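Me: I've got a model open and want to talk through the ligand site. Can you walk me through it?

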Amino acid sequence: MCMKRAVYPGSFDPFTNGHLDVVQRSIRLVDELHIAVLRNSSKRGLIAPEQRAELISQVMEEDKILKPFRENIHIDIFDGLLADYCRKINSEIVIRGLRAVADYEYEHAVFLVNQNLYPELETIFLMSKSENSFISSTIVKEVASFGGDVSSQVPPAVQRKLHQIYHK
Ligand code: PNS
């Protein structure tokens with residue numbers, strides 16, 4: 001039997017409930033999921049890539065739905081092109097979440113670029129649930145930085161981290 005290995009790439013600065021939903025749903029579709037944190041040298045971000053990966057690992061540990069799947073989820077950090085990373089780990093599936101129509105144009109462009117670079121690479125888009133459709137890492141950071149409540153938008157481990165960053 002052919003093992004399905006998929007990559008779920010992103011900045012994850014920080015990982016939100018929208019990202020968690022994508023992981024919970026996609027792990028039922030594939031045998032092995034690699035959550036791949038982009039190390040973007042031109043964009044510093046709030047949390048360093050190693051810490052983002054560590055935080056995601058903590059979220060995976062604490063999430064009850066993911067408990068039976070923990071051994072099938074890997075958290076990596078990647079540099080450079082996503083297509084090269086997928087080729088390197090021998091994966092032909094990319095998973096992306098789609099929120100509103102606003103995401104469509106960018107995601108379509110990224111899909112076309114990736115297909116051009118790696119024709120066998122297929123992208124699966126998962127539509128976000130209504131309760132997650134407005135969540136973005138950028139807005140989460142903005143709200144958390146002013147002391148606003150983000151408990152409905154991020155997992156508890158991320159909430160603790162944001163509190164530590166902004167209010168200590
Ligand atoms: O969570 P994000 O920031 O929307 O994720 C974007 C990501 C990481 C999927 C995208 O920027 C990416 O794949 N970057 C790696 C560089 C690359 O492959 N670029 C070509 C496609 S734009």
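**The pocket and its ligand**

Reply: The largest pocket has a volume of about 1200 Å³. Keep in mind that this is a predicted model.

Me: Which elements give two or more residues to the lining of the largest pocket?

Reply: They are β1, α1 (17–26), α2 (49–62), α3 (82–88), β4 (93–98), α4, β5 (122–127) and α5 (137–145). The largest share comes from α4, with 9 residues.

Me: How many residues line the largest pocket, and which lie nearest its centre?

Reply: The lining has 48 residues. Nearest the centre are P9, G10, S11, R96 and Y106.

Me: And the lining by class?

Reply: There are 22 nonpolar, 16 polar and 10 charged residues in the lining of the largest pocket.

Me: OK, the ligand. Where does the ligand sit?

Reply: In the largest pocket.

Me: Which residues surround the ligand?

Reply: P9, G10, S11, L38, F78, G80, L81, L82, R96, Y106, V110 and V113.

Me: How does the shell around the ligand split by class?

Reply: The shell has 8 nonpolar, 3 polar and 1 charged residues.

Me: Which elements each supply at least two residues of that shell?

Reply: β1 (5–10) and α4 (102–117). The most comes from α4, which gives 3 residues.

Me: What about L82, backbone or side chain?

Reply: Backbone. An N or O atom of the L82 backbone is 2.8 Å from an oxygen atom of the ligand.

Me: How much of the ligand's accessible area does the protein cover?

Reply: The protein covers 74% of the 530 Å² that the ligand has on its own.

Me: Switching to the backbone. Where is the cis peptide bond?

Reply: It joins D13 and P14, with omega at about 5°. P14 is in the loop between β1 and α1.

Me: Which residue has a positive phi although it is not a glycine?

Reply: F12, with phi at about 50°. F12 is in the loop between β1 and α1.

Me: Why flag those two features?

Reply: Because most peptide bonds are trans, and most residues other than glycine have a negative phi.

Key. Residues are numbered from 1 along each chain as its sequence is written. This is a predicted model: local features need pLDDT of at least 70, side-chain atom pairs count only at pLDDT 80 or more; totals for chains, interfaces and linings use all residues. Side-chain values use heavy atoms; hydrogens and water are left out. A residue is near a molecule or strand if one of its heavy atoms lies within 4 Å of it. A polar contact is a pair of N or O atoms within 3.5 Å; within protein, one must be able to donate a hydrogen and the other to accept it, and residues adjacent in sequence count only if both atoms are side-chain atoms. Accessible areas come from the Shrake-Rupley method with a 1.4 Å probe; for residues, only the protein chains shown count as cover. On a 1 Å grid over the protein atoms alone, a cavity is a set of points where a 1.4 Å probe fits but cannot get out, and a pocket is an open set with protein on both sides within 12 Å along at least five of seven lines; lining residues have an atom within 4 Å of a point. A molecule sits in a cavity or pocket if more than half of its atoms lie within 2 Å of its grid points. Helices (H or I, at least four residues) and strands (E, at least two) are DSSP runs, numbered from the N terminus. Ala, Val, Leu, Ile, Met, Phe, Trp, Tyr, Cys and Pro count as nonpolar, Asp, Glu, Lys and Arg as charged, and the others, Gly among them, as polar. Grid points are joined across faces, edges and corners, and a volume is the space filled by probe spheres set on the points.
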